[in-house]
Amino acid sequence: MEDKRDILSAFDIHRVFTTPETLLPVLKGVTLEVKRGEIISVTGPSGVGKSTLLHILGGLDQPTRGEVRIAGCSLSGQSEKSLAQFRNKRVGFVFQFHYLLGDFSALENVMIPMLVAGRRKDDALVQGELLLEQVGLRDRRGHLPRQLSGGEQQRVAVARALANQPEIVLADEPSGNLDTETGRKLHDLLFRLNSANGTTFLIATHNKELAECCQRQLKMVDGKVLE
Ligand SMILES: Nc1ncnc2c1ncn2[C@@H]1O[C@H](COP(=O)(O)OP(=O)(O)OP(=O)(O)O)[C@@H](O)[C@H]1O
Ligand SMILES: [Mg+2]
C-alpha cells in the first residue's frame, strides 16, 4: 500500500539478463519503499544485483517485470526522452567513479544538470556555488577534475547529484575508490546533507561502517531484498 511519504516504491521487480549462452535471473522479486528523508544502505555479496537494482530504481535500466514509482510517477512506459528528463531533474546519481566531465571546471560540472533542465545561467551559477560550499569546495570551483584529489572529485560528484534538488540520490559504492579516511569524510558529508537538507539517500556499499550508520539497512540475498 502506497503511503504519502513514499518517495520511491518498487513492486515485484525482476531483472533477467540475456546472454548468448543463457538467461541470467538477477533480481527475483524486489519490493521496497523509501520514505522522504530516509538514508538507507543496501549491502550484499558482489554480483548479487545491487548495481542492477539501483540502475532500475533510477530509470537507467528497465525491469523485466515489476514497477518503479518515484513521487507517485511510474517509470514504466515512458519514452527514453522523458525518462532522461525525469532522471536529470528528480534522481541524483553518485557512482564509484565520478564521471565528471574532464574539460569542465568543478563549478561547471555542478551547473550542467541545471542548464540541461532549463535553469537560467546566473541562477545555476548561484546554486552551483552554494552546493560547492556545502561540500566544502568553494575555493576549488575553478579546478578541472584532474586538478582535484579523489575525495574532492567525489564531493563534486555529490554536489552535481544534488543540483536539481532530486527526490532521491542513488549512490553506488560512493567511497569504493577512496582510502578509509577520505571515505569516512565522504560518508560524513552524506549524513550531513541528509540531516541538513532532508535529502533522501539509497546507498549500495560493501562498507560495513557506512551501512551500519544508516537509518535503515537492506540486505540483498539471492535476488531479493531483506530488511
Ligand atoms: N548487462 C548485463 N548483462 C549480463 N549480465 C549482467 C549485466 N549486468 C550485470 N550482470 C550480471 O548481473 C549480476 C549482478 O551484477 P551487479 O553489478 O548488479 O552486482 P553488484 O551486487 O552490484 O556487485 P558488486 O558488489 O561487485 O558491485 C552479476 O552476476 C553480473 O555479471
Ligand atoms: Mg555494484
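The buried residues of helix H5 are covered by, among others, strand S6 (91-94), helix H3 (106-116), helix H4 (121-134), strand S7 (168-172) and helix H6 (180-197). Contact here means heavy atoms within 4.5 Å, and buried means under 20% relative accessible area, with exposed over 50% and partly exposed in between (1.4 Å probe, protein chains only). Helices (H or I, at least four residues) and strands (E, at least two) are DSSP runs, numbered from the N terminus. This is a predicted model, where local features need pLDDT of at least 70 and side-chain atom pairs count only at pLDDT 80 or more, while totals for chains, interfaces and linings use all residues. Residues are numbered from 1 along each chain as its sequence is written, chains are lettered from A and ligands numbered from 1 in the order in which they are written, and side-chain values use heavy atoms, with hydrogens and water left out.

Back to H5, which is mostly covered: 10 of its 12 residues are buried. Among them are Gly151, Glu152, Val156 and Arg160. The helix takes in residues 150-161, and at 1.5 Å a residue it should span 16 Å; the expected span is 1.5 Å times one less than the number of residues. The end C-alpha atoms of H5 are 17 Å apart, which agrees.

Next comes strand S8 (residues 201-204), where Phe201 and Ile203 point one way and Leu202 and Ala204 the other, and all are buried. In a regular strand the side chains alternate between the two faces of the sheet. S8 has partners, too (two strands pair if DSSP finds at least two bridges between them). Strand S3 (residues 39-43) runs parallel to S8 and is joined to it by four bridges, and valine 42 has alanine 204 of S8 as its bridge partner. S7 also pairs with S8 in the parallel sense, over four bridges, and here aspartate 172 stands opposite alanine 204. Together, S7, H6 and S8 make a right-handed β-α-β unit; right-handed means that, with the strands pointing away from the viewer, the path from the first strand over the helix to the second runs clockwise.

Alanine 71 sits in the loop between strand S4 (65-70) and strand S5 (73-74), and its phi is near 50°, a positive value in a residue other than glycine. Glutamate 173, in the loop between S7 and H6, also has a positive phi near 50°. Alanine 71 is partly exposed, with a relative accessible area of 31%, whereas glutamate 173 counts as buried at 13% relative accessibility.
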